[in-house]
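Student: I have a model open and would like to go through its parts one by one. Could we do that as questions and answers?

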Amino acid sequence: MRLEVTGLSKEFRLRSGLFRHSSHLVAVSNVSFVVPESGSTAIVGETGSGKTTTARIVVGLETATRGTVAVDGTDLAPRPHSAERRRRARVMQMVFQNPMLSLDPHQPIGSAIKEVVVFHGLRSSSESPERVFELLAAVGLDRRLATSRPHQLSGGQCQRAAIARALAAEPELLVLDEPVSALDVSTQAQILNLLADLKAELGLSLLTISHDLALVRQLADYVLVMCRGEVVESGPVDDVLSRPQHEYTRRLVAAVPESMDDLAISTSMDGGRGTTNDV
Amino acid sequence: MTDVQADSPQTVARTGRTLTLDEVTTYLRVGRQLKPVILRVDLELRPGEILGLVGESGSGKSMTARTIAGVLPDGATTDGAIRLDDLDLLRMSRKERRAVQAKEIGVVFQDPRAFVDPLWRVEVHMTEAMRVHLGTSKSEATSRAVELLAAVGIDQPERRMHQFPDELSGGMLQRVMIAGALTMDPSVLLADEATTALDVTTQAEIVKLLARLSAERGLSVLFITHDLALADIVCDRVCVMYAGRIVEVREGRQIFDDPIHPYTIDLLAARPTIKRRIDRLPVIRGVPTSAMNAPSGCPFHPRCQFALEACTTGVPALVPVRGGFARCIRAHENLTGTPTPADAPLEGG
């Protein structure tokens, strides 16, 4: 499926002070991008850049102030109970950073996966247990783990379970918010390979949100760099990371340590970075 | 709280002390049993040195720091010797030990927001230790705090003293944590994943700050991280831990280009790089283990691509190799190569 985001903006109203004087925080400002059919796009940026808010709007966890999110040319305006909205609830699935927090600690993972299969009416209740085993196998988990609760699994196994749960909806786009940053280094590679395999086998489109440029280099074809709610640079991942044009992108690339001298950052202050409102 | 012979907090430059760990083993109480979390750890942290301690979850890197700082869970016991110059911490009374640890060992943790009291102004956080442990007067403690905030690169330190933690950015709050850890003028700073929760540009700034403090003040820094490449750059020496043991010790800038232990070799190979897409990332099979769940023999052998029959019995000694040390019976063989992703089974089971 092809995702097209056009002119997306999100403002949050802030209330502060004695007289509840309200002001606006512009979290996302006029962001446009495309995730092609079976393509892989990433958004990089630091805290407060608006990258996670953008992802949450795409999957429908937030509503946009302005702009449109279209799937295969159809605008997914948030109309409750509409067919488009139900479609979005199924075809786009999100995988969060910390699976220990995104999975219900009391629910066995098999049951958490089955719930999604049944909710979307993708299998009859007699067929759904077999489907759960298929999904566990697809993410490289032993079927005996179906009865385990999240705390009984390692971080990597837990993230696999969260991916299996997302796949249970038979999505066409996976939105991955920092998919490996809570995992041990030696298990990160396993998850990155798994995501690449799933993309190839199922023709999935990927939208990855991360601060980790090496991960983006590994997983994405196209990248957007966000700073203070705006896209400051975008293009094919090779171009942007090898020959960054915007000063902010250069700083991000330079901050990936290759040597101490490369850390070309002033030690004095936090510099020009920050959320849109701390001016 | 009364007269204290310790250096006056105004002293800035000072000669550091050497922290030595000699075969330190720490056990935690799990149910009715004692289970090891670090095993016979030997370390020497010299004055002004930045020593890296690198490992994954369960490696024991944080437990090593907590053992040194004396902040272990209830029921934990420690064997071996922890010395600060010639002071043997484990042979002192609890009260004496606490006094030395409070004075000489500063600690900075990963997530400053989880560590500070959100209802405390920066001022309280910065002056409390001095007021309680040194009996410093309020005005003296305040001026010392302002001086330290300036030293860690915080502008308008007087104004910051009156702010609450939620008014500061993550990077600035971590600077406050570092300044707070320096108020007692410690000789050792334990930085436990102190840059992990920060944005990359902020991480670079904090790393540079630690390097500067170490150089200017003779502060010894134990830099604990999961990021081997970062440690390699930042540290004078790097110790890699696995399952509660040190498995490799190297001078800085060596480990990245010339890893010796199979764990280090595989860990570096498994990292994606910003330079290019790797067709298929080499993976280390299985999951990291902790000392309490470690298999017999070399604790890494079930995951090791170079493992031999002999690796299943007996823990290898830490032997000198190529200017460093490694705990592997094949350490002298110049092992290279990356694990084959095709036949590496997935974690699980």
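The questions below go through a predicted model, from whole chains to single residues.

Student: How many helices and strands are there in chain B?
Tutor: Chain A has 10 helices and 10 strands. The count for chain B is 10 helices and 12 strands.

Student: Why does the radius of gyration of chain B agree with that of a compact globule?
Tutor: Along its principal axes, the C-alpha trace of chain B spans about 65 × 50 × 40 Å. A compact globule of 349 residues would have a radius of gyration near 20 Å, and the value for chain B agrees because it is 21 Å.

Student: What percentage of the residues of chain B count as buried?
Tutor: In chain A, 47% of the 279 residues count as buried. A residue needs 20 or more other C-beta atoms within 10 Å of its own to be called buried. For the 349 residues of chain B, the share is 49%.

Student: Among contacts in chain B between residues at least 6 apart, what share joins residues at least 24 apart?
Tutor: In chain A, residues 24 or more positions apart account for 64% of the contacts with a separation of 6 or more. In chain B, the share for residues at least 24 apart is 68%.

Student: Which helix gives the largest share of the side of chain A that touches chain B?
Tutor: The contact involves 41 residues of chain A and 44 residues of chain B. The elements of chain A that give two or more residues to this side are helix 6 (155–167), helix 7 (185–202), helix 8 (213–219) and helix 10 (247–254). By class, the chain A side has 18 nonpolar, 16 polar and 7 charged residues. The largest share, 7 residues, comes from helix 7 of chain A.

Student: Are helix 7 and helix 8 of chain B roughly parallel or roughly antiparallel?
Tutor: The axes of helix 7 (residues 170–182) and helix 8 (residues 200–217) of chain B come within 10 Å and cross at roughly 20°. Angles under 35 degrees count as roughly parallel. Helix 7 and helix 8 of chain B are therefore roughly parallel.

Student: Which residues of helix 8 of chain B meet helix 7 of chain B?
Tutor: Helix 7 of chain B passes helix 8 of chain B in a right-handed crossing. The residues of this contact divide into 3 nonpolar, 4 polar and 2 charged. Helix 7 of chain B brings B:G170, B:G171, B:Q174, B:R175 and B:I178, and these meet B:T202, B:E205, B:I206 and B:L209.

Student: What is the separation of the C-alpha atoms of B:P112 and B:R175?
Tutor: B:P112 lies in helix 3 (residues 112–115) of chain B and is buried, with 23 other C-beta atoms within 10 Å. Leaving aside neighbours within four places in sequence, B:P112 is in contact with B:G170, B:L173, B:Q174 and B:M177. B:P112 and B:R175 are 63 residues apart along the chain, and their C-alpha atoms are separated by 9.3 Å.

Student: What is the handedness of the crossing of helix 4 and helix 5 of chain B?
Tutor: The axes of helix 4 (residues 122–134) and helix 5 (residues 138–151) of chain B come within 9 Å and cross at roughly 125°. That angle makes helix 4 oblique to helix 5 in chain B. The crossing of these two helices of chain B is right-handed.

Student: Is B:R40 buried or partly exposed?
Tutor: B:R40 is in strand 2 (residues 33–45) of chain B. Phi of B:R40 is near 45°, a positive value in a residue other than glycine. With 17 other C-beta atoms within 10 Å, B:R40 is partly exposed.

Student: Where does B:E193 lie?
Tutor: B:E193 is not a glycine, yet has a positive phi of about 50°. B:E193 is partly exposed, with 19 other C-beta atoms within 10 Å. The place of B:E193 is the loop between strand 7 (188–192) and helix 8 of chain B.

Terms used: Residues numbered from 1 in each chain as written. Chains lettered and ligands numbered in written order. Predicted model: local features only at pLDDT ≥ 70, side-chain atom pairs only at ≥ 80, totals over all residues. Axes fitted to C-alpha atoms, helices over the stretch in contact; angles between N-to-C directions. Helix = DSSP H or I, 4+ residues; strand = E, 2+ residues; numbered from the N terminus. Parallel < 35°, antiparallel > 145°, perpendicular 65-115°, else oblique. Left-handed = near helix turned anticlockwise from the far one by under 90°. Contact = placed C-beta atoms within 7 Å. Nonpolar A, V, L, I, M, F, W, Y, C, P; charged D, E, K, R; others polar. Rg over C-alpha atoms; globule rule 2.2 N^0.38 Å. Buried ≥ 20, exposed ≤ 12 C-beta atoms within 10 Å, placed from the backbone.
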